[in-house]
Amino acid sequence: MIRDTVRWAATHGLMRAAIRRQARRGNDDAALLLDPELQGDPFAHYESLRRHRPFAPGAFSRVTVHHGVCTEVLRSEDFGVADRDGSMPAPVRLALRVAGPPAHPGPIDPPSMLAVDAPDHARYRRLVTRAFTAKRVAALRGRTEEIAEELLDTLDDGSGPVDLVARYASLLPVTVISEMLGVPTSMREQFLAWGDGAAASLDLGLPRERWASVQTNVAALHDWMTGHLRRLRARPGDDLLSSLVTTADDDGSHLTERELVATALLVLAAGFETTVNLIGNGTRLLLDHPDQRDRLAADPSLWANAVDEVLRVESPVSRTARSAKRDTVVAGQEVPAGSLVVTVLAAANRDPDVFADPDAFDVGRSNARDHVAFSNGVHYCLGAALARMEGEVALRALFERYPGLAAAGEPVRRPTRILRGYEHLPVVTGRRSLTV
Ligand code: HEM
């Protein structure tokens, strides 16, 4: 309990205070981090940051919204994963050392793949890469189409508006990743509840109660995965997690229990916590742009490109960060060792130097795929091919089954800052009730 309080105070508590202080001094990025309304529509704000090149001053970092600068930082060997604890003042670092590592590390705490550099990063990633190649993903398309059809069969019971997020956008990816990993699909509602409760673990400066609730959900996921891997070790099956357990034991990777659980958990949670936003954001964009829907109906070969355009215009992961490992230079500007650089992926994806008329949603855009919604460099999204396939199958099946789909009330955004998507998206299918 005391350790938890120290850990919260040293990271989120102090960070929250620092962000508030910076916002009072007129720092634009700090203002964004504190203002949910601005987060709902941050794009004009991003344009004000774009005046600073290559970096705008962040709350406690350098911030870039430029596509070229983001790419340069993310690909550079002079940068490593964001060392948030290391960038704290000395007394805070001491407090963190006293508190020790978190009992249940989250997705951006080591030993998560997202939070470590080489050589550990390659050691973890190698174990799961094979399951996510374009070829393996292509083989899952048929089953994903079946899952989409099954969910659409029960979407409309004729009783009125339905929440597209609860009934479709969240269920499709969690079912696919559960089947891939060999975890019971009967657990999918429980995973979604835990995942939803843990999603803010990516955000900074959380209030104490919110942080405590995130920790509870992260711990629940951990405990479940630890037990599941123990069961698989005793009786392995023919699934990805069984092969993770046995390969990690046999091939000299020497993953500790902590590393194994973190790797399995990241793949499971990343598999459904992000794609739900792609499907929700895509649905909303298409509801708002009937002309683009018409183009897709007339030429279904555009669907794959439409998914990249959704990822570009409404990026599900708004930002990520890196720390300079040594003194370096980015876009001609010196960046001292230890500096934190925030790359705003969602803003880079609307960079007018790369994308003509960047705010326009154009499913036929020729360079839509040049977005950085999946990041870049060594941490490039492991599940990019899977997410693209799921997004294409889900959106196409939805709009082909229900050409009259329409919004039925105000959507509600998720309260997370890094993950951008909808918590609720009420729709009517446009199909006449079965009971009529
Ligand atoms: C639309 C959906 C998705 C988006 C927008 C997305 C975005 C991202 C981004 C931006 C990163 C890198 C973060 C950084 O550079 O710091 C990342 C990494 C990762 N993603 Fe995804 N992702 C999506 C879906 C998936 C899926 C379906 C999986 C399946 C398992 C997945 C697994 C991972 C993993 C394991 C990493 C860590 C890679 C590494 O550190 O080497 N993602 N994702």
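Reader: Which residues of helix α7 are buried?
Author: In this predicted model, the buried residues of α7, which runs over residues 120–129, are Y124, L127 and V128. Buried means 20 or more other C-beta atoms within 10 Å of the residue's own, exposed means 12 or fewer, and partly exposed is in between, with C-beta atoms placed from the backbone. Helices are DSSP runs of H or I with at least four residues, strands are E runs of at least two, and both are numbered from the N terminus.

Reader: Why are they on the same side of α7?
Author: Because they cover an arc of only 90° around the axis, taken from the directions from the helix axis to the C-beta atoms.

Reader: And which exposed residues are on the face turned away?
Author: R126 and T129.

Reader: Numbering and confidence?
Author: Residues are numbered from 1 along each chain as its sequence is written. Local features need pLDDT of at least 70, side-chain atom pairs count only at pLDDT 80 or more, and totals for chains, interfaces and linings use all residues.

Reader: Switching to the ligand: how many residues surround it?
Author: 22, the closest being A270, S375, C381, G383 and A387. The criterion is a C-beta atom, placed from the backbone, within 6 Å of the molecule.

Reader: Which helix gives the most to that shell?
Author: α15, with four residues. Helices α15 (257–273), α16 (275–288) and α20 (384–401) each supply at least two.

Reader: What about the whole chain?
Author: The protein chain has 20 helices and twelve strands. Its C-alpha trace spans about 70 × 55 × 40 Å along the principal axes. Buried residues are 42% of the 436.
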